[in-house]
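Please read it alongside the sequence and the coordinates.

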There are 2 protein chains.
Amino acid sequence: MVVIIGAGVTKFDEHWELSFRELILEAALKAIESSGLHGEKIEAIYGGCMASGRFIGQEHIGALIADQLGLNPIPSTRVEAACASGGVALRTAYLSIKSGAHDIVAVGGVEKMTELSTEGVSFALGGAGDQEIELFHGATFPSLYALLARAHMQDFGTTEEQMAAVAVKNHANAIFNPNAQFHRQIAIEDVMGSGYVAEPIKVLDCSPITDGAAALILCSNEKAEELGLKGVEIIASEQASDSLAITGRKSLTELKATRMAAQRAYQKTGLSPKDIDFAEVHDCFTIAEILAIEDLGFFEKGKGGIATEKGETSLKGKIPINPSGGLKGKGHPVGATGVAQAAEAYYQLMELAGERQVKKAKTCLTHNVGGSGATAIVTIYRRFKG
Amino acid sequence: MVVIIGAGVTKFDEHWELSFRELILEAALKAIESSGLHGEKIEAIYGGCMASGRFIGQEHIGALIADQLGLNPIPSTRVEAACASGGVALRTAYLSIKSGAHDIVAVGGVEKMTELSTEGVSFALGGAGDQEIELFHGATFPSLYALLARAHMQDFGTTEEQMAAVAVKNHANAIFNPNAQFHRQIAIEDVMGSGYVAEPIKVLDCSPITDGAAALILCSNEKAEELGLKGVEIIASEQASDSLAITGRKSLTELKATRMAAQRAYQKTGLSPKDIDFAEVHDCFTIAEILAIEDLGFFEKGKGGIATEKGETSLKGKIPINPSGGLKGKGHPVGATGVAQAAEAYYQLMELAGERQVKKAKTCLTHNVGGSGATAIVTIYRRFKG
């Protein structure tokens with residue numbers, strides 16, 4: 001097994017004053033410091049990044065990270081899975097430790113999105129969907145999720161107000177997260193009054209464009225015990241794929257990849273949704289959180305909107321969802337998101353989460369999605385009594 | 001340990017008639033067919049691709065591959081390490097099997113480069129170097145390797161004719177490779193008479209712009225024995241990093257990442273350069289092959305040019321280098337190259353290489369480089385007596 005022994009996250013924001021490299025450095029140094037280990041102990045790096053080629057004209061991000069951290073000549077690998085890049089980097093690092101190749105591995109996620117115009121960002125993010133079948137014909141990401149929202153409204157009576165309740169909750173949680181992009185309480189009326197981007201999705205149903213980085217230090221259980229380190233154990237990390245274009249799917253009211261990854265993660269751990277104390281889920285749009293909490297088994301299919309409206313997913317609800325503020329409140333630097341979710345799992349299970357602390361949290365699930373659901377990754381964590 | 005049980009490569013060419021997806025499908029089907037297994041047996045996919053975002057406006061390549069092959073919902077992950085993307089994808093897949101997570105894994109590499117103008121390709125490939133320190137100031141890849149060539153000429157007396165001898169040999173080998181981009185014998189005078197791209201590097205010192213894909217099926221030793229499969233065993237796969245910009249390096253006459261990766265691969269296998277029967281090395285420019293055969297220990301530092309001129313690296317020489325034709329003769333679809341090198345290892349060690357067969361080859365080394373040497377990956381193979 002594998003233990004997270006340190007985590008670091010930059011402030012998620014529009015960082016006009018910080019470069020791609022500086023974001024990486026800040027997150028990595030925080031993670032290394034929190035692990036209590038010297039950086040020289042790190043044996044390999046896995047970095048998640050979606051579209052640096054289009055955002056800043058730079059590929060070969062693995063080598064860049066090792067270089068920037070002064071960690072040459074250790075192997076350093078970039079993983080890309082659209083907005084699930086960070087989660088997949090984490091799983092890849094986890095498997096590299098399980099393979100016996102490495103004992104101590106750094107995982108990073110980074111994206112610098114604000115160098116392009118909003119139009120440029122939309123086009124770059126579109127690369128997460130199907131260029132030939134969707135984007136070429138004018139589909140953007142809000143419009144794809146709008147189709148999922150419409151189907152959910154039609155089949156289950158989900159309302160725009162219920163979707164708005166996701167945004168309101170996540171903004172409320174983000175106020176307690178010093179690294180969140182937004183520290184501003186919003187009300188249902190604010191969301192309902194914000195303009196349509198792609199009906200029924202409004203501006204305040206969308207996660208923002210963000211610069212940011214997150215990092216983790218992973219360690220094999222054996223090494224963590226040898227060094228007397230505490231941390232958070234990864235007890236399952238499961239990944240699944242689905243059709244890249246949403247036209248290839250039988251149902252628009254569930255993300256099958258989420259269901260498959262969750263099913264395997266529950267199987268592997270012997271846990272059920274009831275055993276999870278809180279979850280960080282992929283709320284790139286408010287409808288995405290409703291889909292997620294249903295597909296992960298926390299609520300019956302079709303009941304996610306009502307549950308959110310009733311407060312069952314709030315910080316003190318039945319199952320707190322996105323205590324960090326989620327992608328909506330915390331921000332969504334796409335390649336960093338999956339790693340930041342794992343960092344939140346670490347902070348919460350180590351009881352370092354301050355005012356957003358979920359009481360008595362022992363088991364956590366994170367859920368990271370690429371594109372409109374073509375990749376999903378579900379990871380389950382518990383406190384490691386090192 | 002891990003065994004390659006099947007391999008497939010498309011023709012490397014300017015494929016105006018084939019899309020990115022079609023290239024993937026062709027290589028994958030060939031690999032699956034050569035393994036003798038049904039595609040349903042594949043449990044995970046790792047795909048190497050450098051810059052699809054800039055070449056064809058498409059990211060999220062892992063999901064695209066699984067989708068195109070009809071292999072949803074298995075996990076499918078894209079790995080990017082510039083021109084070493086394929087080699088790093090192979091190592092990542094290899095570690096995923098060693099981790100126990102999977103028994104049978106497909107590895108792919110793909111690039112569709114000819115959709116852009118030559119200028120667009122140069123700029124996209126530039127993302128393999130350091131955007132801020134090198135590209136922004138006008139450096140292109142030929143100019144970076146020209147600096148390495150100049151340093152080698154100055155320190156060791158390497159000549160332009162010796163570099164030309166690399167191109168002549170690799171074109172000669174490519175004639176026997178039906179999938180090679182070039183089937184045309186060239187002479188030293190042709191190379192010497194071709195125009196300078198970045199002095200001393202001339203047009204015929206450069207690998208071409210290529211569309212293509214390559215795929216492998218990997219299997220755990222245990223599973224291969226259980227199924228009675230033959231193949232080629234990966235006995236080491238080692239990766240190292242170096243400064244992204246060449247300004248950060250102490251020496252311009254060696255690629256330190258190559259040396260480090262090779263050293264570890266030799267240590268891990270107990271082999272020395274003398275035990276290697278032939279090698280596929282990263283000859284993106286002719287000087288790169290000279291550096292490689294020195295840094296891998298086949299020839300003393302400074303003697304690579306002379307050795308090539310004397311024919312020691314030809315198909316019937318002391319140690320055949322790039323029997324496939326190498327990047328220069330076979331073509332260099334950047335994300336596919338590392339996987340195609342491993343495919344050549346498979347064909348040769350299985351004695352399927354036809355007229356370019358290296359006689360009595362039992363042990364092979366492949367060497368894949370990202371950028372101007374910021375990533376290097378060295379893999380060693382031997383025949384698996386399944």
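Two strands are said to pair if DSSP finds at least two bridges between them. The model discussed here is predicted, and in it strand β3 (residues 76-80) of chain A is joined by three bridges to β3(B), the two strands running antiparallel. Within this pairing, E80(A) has R78(B) as its bridge partner in β3(B), while R78(A) stands opposite E80(B).

**The strand β3(A)**

What else does β3(A) pair with, and in which sense, parallel or antiparallel? Strand β2 (residues 44-48) of chain A pairs with β3(A) in the parallel sense over four bridges, and in that pairing the bridge partner of I45(A) is S76(A). In a regular strand the side chains alternate between the two faces of the sheet. In β3(A), S76(A), R78(A) and E80(A) point one way, whereas T77(A) and V79(A) point the other way, and all are buried. Because five of the five residues of β3(A) are buried, the strand is largely enclosed by the rest of the structure.

**The contact between the chains**

The contact between the two chains takes 51 residues from chain B and 51 residues from chain A. On the side of chain B that touches chain A, the elements that give two or more residues are α2 (52-56), α3 (61-68), β3 (76-80), α4 (85-98), β8 (231-241) and α10 (256-269) of chain B. By class, that side of chain B has 22 nonpolar, 21 polar and eight charged residues.

How are the two copies related to each other? Chain B is superposed on chain A by a rotation of 180° with 0.0 Å of shift along its axis, and the RMSD is 0.0 Å; that is the relation of a two-fold axis. Among the residues of chain B, S99(B) comes closest to the rotation axis, its C-alpha lying at 1.7 Å. The same surface serves both copies, since 100% of the contact residues of chain B recur in chain A.

**The domains of chain A**

The domain assignment of chain A gives domain 1 (2-117 + 210-232) and domain 2 (128-206 + 238-380), and the C-alpha centres of these two domains of chain A lie 23 Å apart. The contact between them takes 35 residues from domain 1 of chain A and 32 residues from domain 2 of chain A. On the side of domain 1 that touches domain 2, the elements of chain A that give two or more residues are β1 (2-9), α4 (85-98), β4 (104-112) and β7 (211-220). The largest share of that side, seven residues, comes from α4(A). By class, the side of domain 1 of chain A that touches domain 2 of chain A has 21 nonpolar, nine polar and five charged residues.

A124(A) lies in helix α5 (residues 118-126) of chain A. Is A124(A) buried or exposed? A residue is buried if 20 or more other C-beta atoms lie within 10 Å of its own, and A124(A) is buried because 23 other C-beta atoms are found within 10 Å. Leaving aside its neighbours within four places in sequence, A124(A) is in contact with A51(A), R54(A), F55(A) and L116(A). A124(A) and T140(A), which are 16 residues apart in sequence, are 10 Å apart in space, C-alpha to C-alpha.

**Backbone exceptions**

Most residues other than glycine have a negative phi, and most peptide bonds are trans. The table lists backbone angles that depart from this pattern.

| Site | Feature | Angle |
|---|---|---|
| E199(A) and P200(A) | cis peptide bond | omega about 10° |
| N72(B) and P73(B) | cis peptide bond | omega about 5° |
| H60(A) | positive phi, not a glycine | phi near 60° |
| K360(A) | positive phi, not a glycine | phi about 55° |

H60(A) lies in the loop between α2 (52-56) and α3 (61-68) of chain A, and K360(A) is found in the loop between α14 (337-349) and β10 (363-370) of chain A. H60(A) counts as buried because it has 31 C-beta neighbours inside 10 Å, whereas K360(A), with 7 C-beta neighbours inside 10 Å, counts as exposed.

How values were computed
Residues numbered from 1 in each chain as written. Chains lettered and ligands numbered in written order. Predicted model: local features only at pLDDT ≥ 70, side-chain atom pairs only at ≥ 80, totals over all residues. Contact = placed C-beta atoms within 7 Å. Nonpolar A, V, L, I, M, F, W, Y, C, P; charged D, E, K, R; others polar. Domains from an automatic or database assignment. Least-squares fit on C-alpha atoms with pLDDT ≥ 70 in both. Buried ≥ 20, exposed ≤ 12 C-beta atoms within 10 Å, placed from the backbone.
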